[in-house]
Amino acid sequence: ATILNEPRLVVRKFLARPQHEGLGAIVRRSIGRFELKYFDPFLVLDEFSVTAPAGFPDHPHRGFETVTYMLQGAVTHEDFEGHKGTIGAGDLQWMTAGKGIVHSEMPAAQGTQKGLQLWINLSSKHKMIEPRYQEMMSKDIAEAAQDGIKVRVIAGEALGTKSPIYTRTPTMYLDFTLKPGAHLQQPIPKSWNAFVYVLEGEGMFGSSKSLPVTGHHLLLLGSGDGLEAWNKSSKTLRFILVGGEPLGEPLVQFGPFVMNTQEEIDQTIDDFENYANGFEKARHWRSESAL
Ligand SMILES: Nc1ccc(F)c(C(=O)c2c[nH]c3ncc(Cl)cc23)c1F
Ligand SMILES: [Fe+3]
């Protein structure tokens with residue numbers, strides 16, 4: 001049965017290559033790299049790989065959200081409010097930094113920890129809200145399966161299944177696994193920007209005559225009412241589909257500070273250096289993992 005009237009075509013394709021980030025960590029950055037600095041409302045998509053003692057030691061965030069989804073291993077996060085936890089394979093941490101968070105994100109186990117971290121911008125009216133976490137264990141993430149398709153619904157809705165995650169900036173985040181031969185039609189609100197990031201196997205996206213796309217590739221989708229995908233290979237295909245409502249606001253970014261004007265960035269740097277306006281607890285806090 002045809003669900004989509006106007007399947008979105010792939011308008012740009014990027015191979016995410018490894019680069020250094022944090023302290024000795026490796027990330028494949030697709031959104032946020034030079035050629036694709038911002039895909040409104042998305043600032044960064046990192047496919048990270050980190051092995052102790054490397055990691056992401058104490059660092060701040062203001063003005064956006066980080067969504068960490070573990071694929072292998074585990075990461076312990078710890079912030080300046082004393083909020084601490086470990087996210088293991090399949091677990092999710094949706095962190096709304098708002099007016100300010102200082103935290104560390106370090107390997108929690110031996111071996112290589114792998115996952116995805118997506119940075120979602122907040123609208124000017126939400127940039128200075130109180131920080132907030134929404135955390136889900138793998139077993140609690142909504143799953144649905146149908147016709148050779150399995151979906152884990154991180155945010156939004158798919159195959160009639162909804163996620164409980166509240167997305168301030170309206171967002172969908174779907175983890176799809178397609179068996180050989182499967183064909184997917186997933187609606188996406190027409191006004192949203194959307195992309196696919198392939199994790200495993202090879203798939204066709206947008207048109208069944210398009211070239212197969214393999215892992216570590218980011219595909220920007222054009223206009224239309226949804227994503228159509230095919231797995232015509234003999235292996236399992238796994239990818240994430242992420243979409244969000246563009247904010248359409250000015251963007252001024254200084255590393256982990258994302259505001260709307262240079263003055264707000266200057267003020268943020270001043271707040272951070274003077275432990276003020278949301279960064280008070282950074283004055284005496286150091287993570288236990290600090291070397
Ligand atoms: N500003 C800035 C500077 C340096 C960093 F390393 C970071 C940072 O923590 C991360 C960058 N990508 C990541 N993917 C996964 C995880 Cl768990 C953390 C990060 C950061 F935010
Ligand atoms: Fe962080």
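The model is predicted: local features need pLDDT of at least 70, side-chain atom pairs count only at pLDDT 80 or more, and totals for chains, interfaces and linings use all residues. Residues are numbered from 1 along each chain as its sequence is written, and side-chain values use heavy atoms, with hydrogens and water left out.

**Aromatic pairs**

- Rings of Phe, Tyr and Trp (its six-membered ring) pair if their centres lie within 6.5 Å; planes under 30 degrees apart count as stacked, over 60 as edge-to-face and the rest as tilted.
- F42 belongs to strand β4 (residues 42-51) and F195 to strand β19 (residues 193-200), 153 residues apart; strands are DSSP runs (E, at least two residues), numbered from the N terminus.
- F42 is also buried, at 0% relative accessibility.
- F39, F42 and F195 form a cluster linked by ring pairs.

- Residues around ligand 1 (a heavy atom within 4 Å) include F48, F56, R29 and W119.
- F48 is buried at 5% relative accessibility, and F56 is buried at 16%.
- β5 (56-61) is among the elements giving two or more residues to this shell, and β5 gives the most, with 3 residues.

**Polar contacts of ligand 1**

- Polar contacts are pairs of N or O atoms within 3.5 Å.
- A polar side-chain atom of D46 lies 2.7 Å from a nitrogen atom of ligand 1, and one of H59 lies 2.9 Å from an oxygen atom of the ligand.

Definitions and conventions. Chains are lettered from A and ligands numbered from 1 in the order in which they are written. Helices (H or I, at least four residues) and strands (E, at least two) are DSSP runs, numbered from the N terminus. Buried means under 20% relative accessible area, exposed over 50%, partly exposed in between (1.4 Å probe, protein chains only). A polar contact is a pair of N or O atoms within 3.5 Å; within protein, one must be able to donate a hydrogen and the other to accept it, and residues adjacent in sequence count only if both atoms are side-chain atoms.
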